[in-house]
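User: I am new to this structure. Please take a close look at a single part for me, then carry on to what else stands out.

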Amino acid sequence: MTTGTHDATLRDAAEAPSDATTGIDMGSAERVHRRDGSAVLRLSEAEALDQVSDPDNPAADERMILNMGPAHPSTHGVLRLMLEMEGETILRTKPVIGYLHTGMEKTAENLSFLQGPTNVTRMDYAASLFSELVFSLATEKLLGIEVPPRATWIRMLMCELNRVSSHLLFQATNGMDLGAVSMMIYGWREREEVLRFFEKVTGLRMNHNYIRPGGVAADLPDGWRDDIRRLLDLIRPRLDEYDTLLTGQPIFRQRLQGVGVLTPAEALALSATGPILRSTGYAWDLRRDEPYLAYDEVDFDVLVGTYGDSFDRFAIRLDETRESLRIVEQILDLMPTGDYRTQDKKVTPPPRARIGESMEALIHHFKIFTEGFHVPEGEVYVAVESPRGELGCYLVSDGGPKPYRMHIRGPSFVNLQTLPHLMEGGLIADGVAIISSVDPIMGEVDR
Amino acid sequence: MTYGVPETTSRGQRVLHPSPDQLIGTVTALRDDGFCTAVDVTAVDYADHPGRIDLPTGIAAERFELVVMLHAHQRGERVRLRVQVPADDPSVPSLFDLFPGTEAMEREVFDLYGVTFDGHPDLTRILMPEDWEGHPLRKDFDIGSIPVQFKDAPVVR
């Protein structure tokens with residue numbers, strides 16, 4: 001297979017064999033439990049040290065505990081795995097996390113709601129706009145304010161482009177992990193083009209602090225449509241090149257097909273979301289099934305896999321990039337005019353010109369940026385579909401200007417639980433392919 | 001009342017308020033009712049809160065609150081369970097047997113809040129080092145007053 005299509009693997013959700021309407025035994029966690037004992041290694045560091053094999057006893061040599069990471073090139077940052085090995089075969093796995101834990105949820109309790117996005121944007125640094133979005137949506141829900149349509153559509157545009165850049169990063173690192181090192185350079189190259197557009201709009205390549213409660217930080221710059229058209233013309237043919245380079249490549253397929261298989265019931269029992277859940281053939285995408293922003297006004301397909309293996313996860317992300325570009329193209333025509341942030345005086349500071357002429361405006365501006373605006377008491381949970389799955393924000397306010405509690409439900413953190421189940425019985429070389437296909441971002445795992 | 005526990009809404013979202021003893025029964029009933037996945041488990045420490053107005057009558061406010069979010073995909077329905085957990089006995093039954101995906105989330109709550117989960121297969125610290133003392137997300141765990149705790153670090157003066 002050398003063409004760019006892989007219809008045999010990916011199907012549109014409408015014809016998927018087991019989507020949300022067919023009868024998967026949803027409640028069944030039994031299979032996961034059966035596998036739990038054989039897949040998940042529950043061993044503390046001290047116990048692992050006790051298991052160091054005795055060189056004089058040949059029988060004790062057959063099983064060993066192998067440490068992988070936290071500074072291993074294929075662990076995507078600082079993921080550490082304790083692997084119980086028998087020869088080359090992985091028996092049980094324990095992901096050890098926390099190496100990047102900086103207490104961001106605690107930090108959030110000491111930042112005002114306006115400062116909040118600067119904090120959460122550093123969690124999933126490859127898809128930072130999604131964290132800003134979910135925090136802003138939660139704050140707006142507590143405030144009970146509506147943002148203007150243009151702000152909503154700018155958010156959608158930026159998030160879909162962020163999904164493109166995040167999936168391009170996945171293609172780059174996935175290729176590199178599997179030995180296709182040139183893919184790494186191509187993936188970074190295309191991602192950089194998207195980041196250059198982000199820099200033009202937000203001022204920063206990453207960690208933008210662009211989506212804020214009440215709207216976005218700034219309107220799109222002049223000529224943004226031309227920039228987007230240039231991006232679309234540039235990236236689309238390059239995705240076809242990826243197909244030539246990877247999708248139809250027999251060695252690449254053999255490294256991925258049938259490696260790290262998950263069933264829909266297992267994925268649901270393990271709370272997996274995003275490409276991991278969809279790769280099992282279960283069509284579930286919050287953009288379609290629980291539309292937020294204006295996703296019900298654009299046309300796109302939810303892509304699902306068939307086998308739930310690493311190749312499906314790779315192919316889903318590649319084709320989701322195309323779907324995101326399709327959404328971006330529609331936004332070009334549908335982008336409304338108007339304000340890019342709400343005119344609610346409580347949330348939005350007065351314009352710069354007013355500050356020079358009005359004492360009240362100056363005081364108001366000062367109050368919003370020092371004390372912050374007060375958010376009514378209450379608690380709320382909001383979720384969006386990030387490139388890695390369901391990204392949620394649980395926000396509690398006590399009526400003050402700072403969140404009483406801010407919790408981010410990170411899809412990487414939850415999806416990491418599938419790792420032992422995916423790796424069980426596989427080879428250590430396949431383990432690298434599986435970690436890569438789960439695509440964890442450790443900044444979000446550890447927070 | 002739903003499944004025998006009080007129900008409220010918060011900004012249009014469904015919230016159930018089971019007691020720790022009712023938790024397993026309520027979650028089991030919800031699971032059998034189509035709530036196919038446990039989205040999230042987290043907690044809140046209400047020690048510093050000026051006074052809570054969103055609890056239904058008959059539910060006494062306690063220091064800790066366990067928050068469980070479930071999702072019924074087929075109906076597109078979400079539900080949130082808020083369990084009051086007393087500070088003198090911060091212990092709740094584990095949901096691991098119903099939803100194995102809550103394993104890491106419960107470990108996180110244990111690590112950061114010190115709420116223990118009965119029946120959890122591996123209740124150890126997950127984000128903080130294994131030998132860390134205290135539970136950082138508790139409100140009485142101050143920022144800036146923490147001596148750096150690292151294993152085998154020499155004392156520098």
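Analyst: Pro411(A) counts as buried, because 32 C-beta neighbours lie inside 10 Å, and 20 or more are enough for that label. This is a predicted model. Pro411(A) sits in helix α16 of chain A, which covers residues 411–415. What does Pro411(A) touch, leaving out residues up to four places away in sequence? Its contacts include Thr273(A) and Gly274(A). Ser386(A) and Arg388(A) are also among them, as are Gly389(A), Glu390(A) and Leu391(A). Ser38(A) is 373 residues from Pro411(A) in sequence. In space, the two are 24 Å apart, C-alpha to C-alpha.

Now the sheet in chain A. Three strands form an open sheet, in the order β2-β3-β4, with antiparallel pairing. β2 (63–68) and β4 (89–96) of chain A stand at the edges, each with a single partner strand, so one side of each has no neighbour in the sheet. From one strand to the next, the twist averages 20°. Six bridges join β2(A) to β3(A), residues 80–86. These two strands run antiparallel. Leu66(A) stands opposite Leu83(A) in β3(A).

Last, the nonpolar core. The largest one holds 150 residues. Those touching the most other members are Val134(A), Ala138(A), Leu66(B), Val68(B) and Val115(B). Helix α6 of chain A, residues 149–177, gives the most to this core, with 13 residues. Take Val68(B) as one case. Beyond residues up to four places away in sequence, Val68(B) touches Ala38(B), Val41(B), Leu81(B) and Leu95(B). In soluble globular proteins, nonpolar side chains tend to be buried together.

Technical notes
Residues numbered from 1 in each chain as written. Chains lettered and ligands numbered in written order. Predicted model: local features only at pLDDT ≥ 70, side-chain atom pairs only at ≥ 80, totals over all residues. Pairing = 2+ DSSP bridges. Helix = DSSP H or I, 4+ residues; strand = E, 2+ residues; numbered from the N terminus. Axes fitted to C-alpha atoms, helices over the stretch in contact; angles between N-to-C directions. Core = buried A, V, L, I, M, F, W, Y, C linked by C-beta atoms within 7 Å. Buried ≥ 20, exposed ≤ 12 C-beta atoms within 10 Å, placed from the backbone. Contact = placed C-beta atoms within 7 Å.
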